[in-house]
Amino acid sequence: MRPSLHDLRRGEEVLVRFTRGSYLGEARPTRVIAASGSTVMVWVAPETPVMRSKARDGRSGHQIPLAERDDLSFEIVLDIWRGPGIVMMLQARTASSTWWFYRGDGSFSHWYINLQTPPVWWREGKTVGVDIEDHCLDVVVAPDRSWQLKDEEEFNERIGHRLYWSPDQAREIRAEADRMTQLAQEGRFPFDGSWCSFTPDASWAAPQIPTGWDRPSATATDEIRMRFV
């Protein structure tokens, strides 16, 4: 089923999933803050339950060198979001998402640019979700708009691997990072102060894991893509 972004309402639950082909890295329940045009803003509450893939020795995917992965077995476990509350901005046809991080007292901490595939939206029954493939490389942007790359070594290690990105694709990913850091340096949206004072509705309890969290990945097929109309 192909939902429309215009159908999303404030407070509605959306399941954000990080996938790679048929592999599920994490399923993270969120709530819609706003949906306009091809942009959706969602809120991740502290201590939100998540489904997360881990090696049976307890390590997450980011902690495992690529050379070891084929020799390890993984399981999906129930965990919680241990970070602070964050706002995520998901935009159609955009190979990154911007996240606003907040401190425990609710004040703004920093921006985070997550390099990724453009989001693919789906609906199964009452569950609305969006699937993303992470590109490992991220950018942390301080309130003064200085920035630094994150996980660059992990990103470089995966260039040319059959499950990740080719050298040409790696250049495209870096170009997207360059585009976003240029916006940050110029203080242009989303780095213009928008959403830095956001506070979630007091009635918003952390959403629970919905049915359909383990459905086949939408990034692995063109069968169910969101219509941006």
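Author: The account below begins with D131 and then turns to the aromatic residues. This is a predicted model, in which local features need pLDDT of at least 70 and side-chain atom pairs count only at pLDDT 80 or more, while totals for chains, interfaces and linings use all residues. Residues are numbered from 1 along each chain as its sequence is written, and side-chain values use heavy atoms, with hydrogens and water left out.

D131 belongs to strand β10, residues 127-132 (strands are DSSP runs of E, at least two residues, numbered from the N terminus). With a relative accessible area of 0%, D131 is buried (under 20% relative accessible area, 1.4 Å probe, protein chains only). Its side chain makes a polar contact of 2.7 Å with that of R17 (a pair of N or O atoms within 3.5 Å, one able to donate a hydrogen and the other to accept it; residues adjacent in sequence count only if both atoms are side-chain atoms). A polar atom of the D131 side chain also lies 2.7 Å from the backbone nitrogen of A218. Beyond neighbours within four places in sequence, the residues in contact with D131 (heavy atoms within 4.5 Å) include W122, P216 and T219.

W122 in turn has R215 over its face, 4.5 Å from the ring centre (CZ of Arg within 6 Å of the ring centre and within 35 degrees of the ring normal). The charged end of R158 is likewise placed over the ring of Y164, at 5.1 Å from its centre.

The structure holds 12 aromatic pairs (ring centres of Phe, Tyr or Trp, the last by its six-membered ring, within 6.5 Å). The W99 and F101 rings, with centres 6.4 Å apart and planes at 25°, are therefore stacked (planes under 30 degrees apart). W99 is buried at 6% relative accessibility, and F101 is buried at 12%.

Methods. Rings of Phe, Tyr and Trp (its six-membered ring) pair if their centres lie within 6.5 Å; planes under 30 degrees apart count as stacked, over 60 as edge-to-face and the rest as tilted. Buried means under 20% relative accessible area, exposed over 50%, partly exposed in between (1.4 Å probe, protein chains only). Helices (H or I, at least four residues) and strands (E, at least two) are DSSP runs, numbered from the N terminus.
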